[in-house]
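Student: Can you walk me through this one? I have the sequence and the model up.

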Amino acid sequence: MSIGTRTPRRGALARSESRQALGFVSPALAGLALFTIVPVVLSIVMGFFNWPTFGEKTFVGFDNYIKLFTDSPDFWPALRNTFVFAILYVPISVALSFLLALSLHSRIRGRGALRVLFFIPVVTPMVANVLVWKMMLQPQGLINGISQSWFGIELPNFLADPQWAMIMVVLMSVWAGLGYNMLIFSAALEQLPESTVEAARIDGAQGLRMIWSITVPLVSPSIFFASVMTMITSMQVFAQPQLLTGGGPGNSTQPIVQFIYNQGFKFQELGLAAAAAWILFAVIIAITAAQFSVQKKWVHYEH
Amino acid sequence: MSTSSMTMGPGALAELDTASTPPAPRRRAKREKERISGSAPMTRGERVRLVFGHIFVYIAALIFISPLIYAFFSALKPNQEIFAMPPTLVGSEIRWSNFADVFTYGPFLTYIGNSFFVSIAGTLVVLAVSTMAGYAFGRLRWKGRDAVFVLFLATLMVPAEVLVIPMFTVMQWFGWVDTYQALIFPFAFTAFGTFLMRQFFRGIPFELEEAARVDGAGPVRSFLQIVLPLSKSAVAVLAVFTFLSFWNSYLWPLIVTVDYAAHGTLPIGLATFSGITGTRWDLQMAAAIISMIPTTILVIALQKHLVKGISMAGLGGR
């Protein structure tokens, strides 16, 4: 690429800029084509094929989709598990992290250090977080140990009990993800318009009234953003159930992404896995669209 | 999200609040001014509330961090004492050697080395590609620019789960299965970095560049010498989030790595640790604690930029 085009005519300048722009953008374009666009197209194709990892591929039309809905013993449970996880996880996580961000307001001493502390699990490899919880949740682990030796109460075997396993996956995930939304809310709370807050205060708003009537509406765009993002990521949950419970007991905590992973890379059915991934994508789009359509009722964008 | 779960409130709470007699308006206004300036002599009520606020936050923090504290002390115990009844925080001896044993028990050093290599290489690729493309989209004029940009943004909608299945097949075509390239490149070209850089570059005044252009600098020169140096903070934010997402990535390495002992990254190493160690919880905890150290240092070092980064980047992370 040439440096310094001296006093060219306008057309030549534009042409040279176009050429140079192509140079700037082509690595990104090539990478995106190769590693996103080709795979997306391939994935659509795969969904209509019986596509083993090695060996003959055969066109099967919509059979993969039909098989998932009618014939696959784990598909509906996986979809259900993912929904259960999201419905428990999103509200708890968003509410707790908002509460935390509110509590860590400007007058709390050492709040910088506290923020880092709450953020540690967010940046830690999820596998490490899961290992810690897995140890605590063992029948002989910390939680049952304390309960038994201090209170004489024998707790259920959390990770082997179909009812408790999902609750523990949610609890562990809330713990691990809390710091992320907390930081989003902290950022929003720091940008509250001073004048509105002052006006409300002079009008006598205080405490919870202040939070509910002033703060929450003012940061509702952030709450909306956090709910949408958290919902999307929770529909994609994988590492926590896979490592904490192995998806079990039975298939009671296996989420849809683990189902996709198993179909593709355990049972070598890439076509079926691709079809399931597209169903997940459609579900995520539908939920996100629903969230956007109800936002008008509670999200305020006036400032 | 419904807000109905929290409807029990404002009316009843407002009554509670007004029950304490409010001070005269003028005094209150004065106090508010002091509060903003930070000098603020507090009323008794405020002081009490602040004390309770501290207690609440500190207790919450302690409960929150207790799993990690317990994990740390467990990493220092002899293995047979981890599940002692009743549970103890400190074992009969403090075995710092557990932290060293992690490295001799399995190829843990390889995992850490692989993670650093893949994360740093991936971050460099992302930074180079995104800043260049961001510059083309944000500051150069060319035909079809907006259409291509919309295509870029559209790819952000595709979730990783849809991509990993065919991506594995693409890796087979390239002969890249179980290689470092496969760990670095496939997720280094997402449109997110390009989008972030474009947004930032657009905010830089065009006059700065025009002056250089008049003096004869081409796009390459003004990109390297004007726009990039002015964008250090945005580049830093993108670098940190990219590094973290490579460092913590689990699903893709799990799929594309075959020989874990050679190409496994840290999350893979941790996940398979229980496989090779059986019941060595002490070493697992030591390994988990070790894996937290680099990212925790990163977060402490960049603490001030974190809030800014999150509000700027919105997403990122895992």
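Student: How many helices and strands does chain B have?
Tutor: Chain B of this predicted model has 17 helices and zero strands. Helices (H or I, at least four residues) and strands (E, at least two) are DSSP runs, numbered from the N terminus.

Student: What share of chain B is buried?
Tutor: Of its 318 residues, 49% count as buried, meaning under 20% relative accessible area, with exposed over 50% and partly exposed in between (1.4 Å probe, protein chains only).

Student: And the surface of chain B?
Tutor: The accessible surface is about 15,200 Å², and carbon and sulfur atoms hold 67% of that. Areas come from the Shrake-Rupley method with a 1.4 Å probe; for residues, only the protein chains shown count as cover.

Student: Switching topic, which residues make the nonpolar patch?
Tutor: A:Val84, A:Leu88, A:Ile92, A:Leu96, A:Leu99 and B:Phe56 form a nonpolar surface patch of about 460 Å².

Student: Which helix gives the largest share?
Tutor: Helix α3 of chain A, residues 75–103, with five residues. A:Leu99 sits in that helix.

Student: Why does A:Leu99 count as partly exposed?
Tutor: Because its relative accessibility is 42%.

Student: Anything on numbering and cut-offs?
Tutor: Residues are numbered from 1 along each chain as written, and chains are lettered from A and ligands numbered from 1 in written order. Local features need pLDDT of at least 70, side-chain atom pairs count only at pLDDT 80 or more, totals for chains, interfaces and linings use all residues, and side-chain values use heavy atoms, leaving out hydrogens and water.

Notes
Patch = residues over 30% accessible without salt bridge, like charges linked within 9 Å, V, L, I, M, F, W, Y side chains within 5 Å. Salt bridge = Lys/Arg side-chain N within 4 Å of Asp/Glu carboxyl O.
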